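Please look over the model before reading the points.

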Amino acid sequence: MRKTVLTSLLLMALHGAAQNPVIRNQFTADPTARVFNNKVYLYPSHDINEPDPAPEGMRKDWFCMADYHVFSSENLTDWTDHGIIITQNEVPWVQPDSYSMWAPDCVYKDGKYYFYFPSTPKGGRGFAIGVATADNPEGPFTCEPEPIKGVSGIDPCVLVDDDGQAYIYWSGMGIRGAKLKSNMKEIDGEMQEIALPQRPGNNAPASSMKVAGHNMEGLPDGFKEGPFAFKRGDWYYLTFPWVRGDTSNGQNPTETLAYSMSKSPLGPWEFKGIIMAEHANKCWTNHHSLVEYKGQWYLFYHHNDLSLQNDKRRSVCIDKVSFNADGTIKEVLPTMRGVGINQATEKIEIDRFSTASVGVSTQYVDTANCMLGSCVTLPSKGSWMKYNDVDFSCITDGYVIISAKANANTEFCIRENNAKGKVLARVKMTVLNEQGRFRRDMSGQWMTLTTPLEYTPKGVANVVITCEDKEVTVDWLLFKNRPKYFKPSFDASTPATPDEQGFIRRWLLLEPIKQDIRSNVVFTNTWLREAFAKTYFKNQMDILPKNGQKVKSGQQTLAWHALESENYNIKLFRFAERWGQQTYGSLFWAVTIIDCDEDIPNVRLAVGSNGASMWWLNGEEALLLEGDRRMVEDDGVSPRLTLKKGRNILRGAVINGPGLSDMCIRFIDEKGNPVKNYSIKAQ
């Protein structure tokens, strides 16, 4: 997430999947959110690593900020990065390479957007605050040649009142506020002379400066910065990061978010309390804004979730805010879940769960790289975690892909709404990894599992993962629609015919049988004959299955599916992805019924398969394709056969290890032309 955008013309869509932090291609802090043109625009500061070599005098392991980006979103989930809007060495009044582009703000008034930002001025002391203007919320912005006179400090915030009067607030020598003139670039009012504090060890004469505005009265004692003012109803709110802890004896407590209320934009203020308590991990700062969007209020704030070893590299988070009847703000508990609604097809990072049972724990997948995210451990049978607000309206015929680790054969469920809710999918840890290779020592190894959905919720639902057995650790999951390689519905009782090229598209396929296959190079004639001679399920060479009929194969209970392929080649891998857990290391059984009005002699069965396969017509072996094959049309051709008048049963078995699997089958005459004068049933 340390990407540098080199041009302000570059747009990048960031998919945050409604989870905190919301920006993950770079570190962002001090977020000011504003609603412009029915979108939320986010103006944060931009934390970066210290340059190497660092400029002379730069403080090591401190805040380092060289530019500003702006982001926008219509759903608080998908954010567009509009790129850099201002960079330090292009601002006329900013000290070059000062890396002090701290918390900004942006407001709209009379057809213009005004961007306010602090930085270190050339040849000056402390911070000044500048203004840049634009015709659009994402820029391009043009900077004023000089900062605002009389404003010495950081963290500007501007409130445009209902009557059009604008007020500016900033921190530095306390939190101060003042009216702005109609041009939005100058303080409206007289300035006062104040004495500047002496620097330690400096024997220079005392100095003073003219400062605009006045201190905001009625705020609590203790360090305060980052003011953000807004109006709701007839109440004005002045919110701010506040250190309420004891700073004596060298202690360095962290910041809360606090607020005061008033009936006037410049106070006096009445302190009301805490919006958000100190971060549990002692992240030193917090900084924020509050905004109403589509009828809901939100708190934007920052935390160092993606840089736990460095609280000067922060990331923006969002949580919902609510108010009491008297206008006071209810305390906000930070969540990893964040806000917004996930589409079921977006990756759900399950450590961002909404709630969980006692004992559920999170840990980073890799503590050396927090940006790889975290995983969650369900310690025992009965433990659970809930992830709220997933929209399943995009899923019509789906399956789930989930990354997890546990001992072999450990089971867990994905349920709807609560720990006793309807089962969406049952997951059992397999013995195959995502490359299809067998793991005899798979305990504790990450697996990517594919499981069909037993049930699909209607609309928005909560997703709950429940431990049904022993300890299981989950990283992420997402839902997908089953690929449309097969016709969604057809009348299996109505006969079909071969396609124009003679390929048979209608089959009864059995869900894949698990196989221990490390490599397809084992597919020799002898090995295959032994493999295909085994009995995998009862009556495997005589069964005429019905759609949905189930058979038992070892520990597996498998179902037959009557299918009609949309392609001439039957995508067995996609069939497995859609209806079974076993996508690699699989043995597929196929049956179709061929009805002929008369004998059709001297035909040949022509087959292509990936990998090896064996075929039987009316109980007699017709063709064996050995070796590590790729599906090629008519890759193997049988000796002469006769399709007899009446019913003929064609059976096939395709076996594969790593890699995709599919097959294509037809009958050809002695000249290689397709034979098509028969009908096909799969029921």
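The points below are grouped by topic.

The model is predicted, so local features need pLDDT of at least 70 and side-chain atom pairs count only at pLDDT 80 or more, while totals for chains, interfaces and linings use all residues. Residues are numbered from 1 along each chain as its sequence is written, and side-chain values use heavy atoms, with hydrogens and water left out.

**Helix H2**
- Helix H2 spans residues 572–579; helices (H or I, at least four residues) and strands (E, at least two) are DSSP runs, numbered from the N terminus.
- Seven of its eight residues are buried, so H2 is largely enclosed by the rest of the structure.
- Buried means under 20% relative accessible area, exposed over 50%, and partly exposed in between (1.4 Å probe, protein chains only).
- Among the buried residues of H2 are Phe573, Phe575 and Trp579.

**Aromatic pairs**
- There are 34 aromatic pairs; rings of Phe, Tyr and Trp (its six-membered ring) pair if their centres lie within 6.5 Å, and planes under 30 degrees apart count as stacked, over 60 as edge-to-face and the rest as tilted.
- One of them joins Phe486 and Phe575 edge-to-face, at 6.5 Å centre to centre and 75 degrees between the planes.
- This pair links distant parts of the chain, 89 residues apart: Phe486 is in the loop between strands E35 (472–481) and E36 (506–510), and Phe575 is in helix H2.
- Both Phe486 and Phe575 are buried.
- Phe523 and Trp527 form a tilted pair, 5.5 Å centre to centre with 45 degrees between the planes.
- Phe523 is buried, at 2% relative accessible area, whereas Trp527 is partly exposed, at 27%.
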